[in-house]
Amino acid sequence: MSNETLANLAHEDRRFEPPKELAEHANVTAAAYDEADADPEAFWAKAAERISWDTKWDRVLDWDNPPFAKWFVGGKLNAAYNCVDRHVEAGNGDRVAFHWVGEPADDTRDITYAQLKDQVSQAANTLIELGVKTGDRVAIYMPMIPETVVAMLACARLGAPHTVVFGGFSSSALRDRIQDCDAHVVITSDGGYRRGAPAALKPAVDEAVAQCPGVEHVLVVRRTGEDVTWDDQRDVWWHDTVEKASTDHTPEAFDAEHPLYVMYTSGTTGKPKGILHTTGGYLVGTSWTHWAVFDLKPETDVYWTAADIGWVTGHSYIVYGPLANGATSVMYEGTPDTPHKGRWWEIVAKYKVTTLYCAPTAIRTFMKWGRDIPAEHDLSSLRLLGSVGEPINPEAYIWYRDQIGGGKTPVMDTWWQTETGMHMISPLPGVTAGKPGSAMKAIPGVSVDVVDDDGESVGNGNGGYLVVTKPWPAMLRTIWGDDERFKETYWERYAAKGYYFAGDGAKLDDDGDIWVLGRVDDVMNVSGHRLSTTEIESALVSHPKVAEAAVVGATDEQSGQAINAFVILRESALKGGEEAPDALITELRNHVASEIGAIAKPKSILVVPELPKTRSGKIMRRLLRDVAEHRDVGDVTTLADSSVMDQIQEGVGKGSGDE
């Protein structure tokens, strides 16, 4: 992307320096950047000393055959041992690993590291009885319950790569993933709870495995007590097997490059991409970044990643990173508004959560609900906030910092991907000033750049494509079973430079700080001008009457693409039930023009009651694009509420908001 291809490059005057006390006692200082720049391999070797190795490595990095990396070559370790056993052996068995909060609201469990070790050993022994061997793949299709973590660690303990499939996915999505990685065992539950009501899971498993003849056993946790269809030859209850198994199990050390898990990227067309992460580099990367970015003090912190384990955020920053660090975490099964809209803040106050890590989508939802709800709860225990999943717009950042963080709590705006496995760009809490909307700079030991079409650095004040220029420990190793697709997807664009192309656009501000624009697919070409949907969304949300916005480009005969916006208004913006007046739509259009430029003024703005989101909170913009281009709406099975699309289409039919 040349200078002309991006409008209104980032400018943000607000900066928040690290609190003095935090800076004085931070885990990581500014010296880490210099140390990593001087010798990245030595830096990561030092980071690797934080975890336990059965056999130390001979070589930190083998990059002799790019893009296929090997980290900590010759080293051997066990991920489950690092996450549970070593903490028990160190005398921390009584430390709580998880404060689990389920639905209904009084359904809670505190699980210590000693208890977790025993449960993981029991599950490992059960999997052995079911025929699971080292290298076998195991599919996990579960709600947010402790047994999900136990199942993952039991697989890791045996060297059996797991593939966790988000519980909101359809039976066909589950089938495709089972088939792609050839899993012979599926671990699931009868169901889970969603907004206070049981939601079945096993019927989807039954439907999926009917088309997967290789599946020999389905291990089922009883969670909701709902009746389920049962196959005595295939299905086994968790309580009849795992809970009765021996707690004695000795973990085996595996090569650092032994596969740990396969995670399938969502939202793609065609065959799903199975992202392969291996053991040593992934554990080093996730544990170090969790400790550094969140300034973890395991003896005193209570850490909460408000995500689902079915996504990579859950893998890296609910399971492997926190447990490798001996952290105490909150794990929550429910939604933010069940049984009331203050549920999250009630949990923060009860468990005295010190670090909260969640998505901008959630933050904007809380903004829409208003500041009075969090104000009812004592949030003074919070000392760090984190943001993940998409770029956070400046107004959401400020609201999060002020209303949840009391106007003093630093916000760690993290950029990373399923493929990267670990944080790549983020402030460091004791070192980096916070700048609303900017992920700031690469963490120590990670090398990124913003480049043009030819792979040349664009320099400060310019926009382009975000690339990673050097290998990093937790990087994906390949796409499961398809090395060629791995090379074509991530490395072909800048093959001459050897850069990993993240698929995201970005810009460097005048200070050299990084602003991630989102997927390149979400950059529109309007009358020859390249405009970021993220930037326009941020402009809309900066208006005091707008709580949330989604922007898509739709084919337009005159301009090539036209900007179509869908907005949710704050509850205070309209009286109950009335429609947005034309004057407000005009006001919003002009506001975008003022913030970015006339070229960015949306052609259409539709006020909607809700946006189409998956159960993880991701906005399904492709469905909005279908609406904007008057096509039949695609598959809505992964939406949290499919009726949202009917409401949006009804609004479009009325012609609301068209210029």
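This is a predicted model: local features need pLDDT of at least 70, side-chain atom pairs count only at pLDDT 80 or more; totals for chains, interfaces and linings use all residues.
Strands β28 and β29 (residues 560-569) run antiparallel and are joined by 10 bridges. Within this pairing, Glu 548 has Ile 568 in β29 as its bridge partner.

Glu 548 and Arg 364 meet in a salt bridge, at 3.7 Å from N to O. Because Glu 548 lies in strand β28 and Arg 364 in helix α13, the pair ties together parts that are 184 residues apart in sequence. Both Glu 548 and Arg 364 are buried. The two residues belong to a network of salt bridges that links Arg 364, Lys 368, Glu 390, Glu 537, Glu 548, Glu 610, Lys 613 and Arg 621.

One member of this network, Glu 537, is among the residues of helix α17 that are buried. Helix α17 (residues 533-541) is mostly covered, with 9 of its 9 residues buried. The buried residues of α17 are Thr 533, Thr 534, Glu 535, Ile 536, Glu 537, Ser 538, Ala 539, Leu 540 and Val 541.

A further helix pair is formed by α10 (residues 279-293) and α11 (residues 312-324), which pack at an angle of about 85° with their axes 8 Å apart. The two helices are therefore roughly perpendicular to each other. On the side of α10, the contact involves Tyr 282, Leu 283, Thr 286, Ser 287, Thr 289 and His 290. These residues meet His 315, Ser 316, Tyr 317, Tyr 320, Gly 321, Pro 322 and Ala 324 in α11. By type, the residues of the contact of α10 with α11 divide into 6 nonpolar, 7 polar and no charged.

Across the whole structure, a search finds 39 salt bridges. One of them joins Asp 107 to Arg 223, the closest N and O atoms being 2.8 Å apart. This pair links distant parts of the chain, 116 residues apart. Asp 107 is in the loop between β4 (96-101) and β5 (108-112), whereas Arg 223 is in the loop between β11 (217-221) and β12 (235-237). With 21% relative accessibility, Asp 107 counts as partly exposed, while Arg 223, at 15%, counts as buried.

Another salt bridge is formed by Asp 295 and Lys 297, with the closest N and O atoms 3.4 Å apart. In this pair, Asp 295 counts as buried because its relative accessibility is 1%. Lys 297 has a relative accessible area of 21% and is partly exposed.

Pro 67 is found in the loop between β1 (59-65) and β2 (68-73). Pro 339 is located in the loop between β17 (328-332) and α12 (343-351).

Positive phi values in residues other than glycine occur at Asp 182, where phi is near 55°, and at Arg 195, where phi is near 55°. Asp 182 lies in the loop between α7 (171-181) and β8 (185-189). With a relative accessibility of 38%, Asp 182 counts as partly exposed. Arg 195 is placed in the loop between β9 (191-194) and β10 (197-200). Arg 195 is partly exposed, its relative accessible area being 47%.

How values were computed:
Residues are numbered from 1 along each chain as its sequence is written. Side-chain values use heavy atoms; hydrogens and water are left out. Two strands pair if DSSP finds at least two bridges between them. Helices (H or I, at least four residues) and strands (E, at least two) are DSSP runs, numbered from the N terminus. Axes are lines fitted to C-alpha atoms, for helices over the stretch in contact, and angles run from 0 to 180 degrees between N-to-C directions. Angles under 35 degrees count as roughly parallel, over 145 as roughly antiparallel, 65 to 115 as roughly perpendicular and the rest as oblique. Contact means heavy atoms within 4.5 Å. Ala, Val, Leu, Ile, Met, Phe, Trp, Tyr, Cys and Pro count as nonpolar, Asp, Glu, Lys and Arg as charged, and the others, Gly among them, as polar. Buried means under 20% relative accessible area, exposed over 50%, partly exposed in between (1.4 Å probe, protein chains only). A salt bridge is a side-chain nitrogen of Lys or Arg within 4 Å of a carboxyl oxygen of Asp or Glu.
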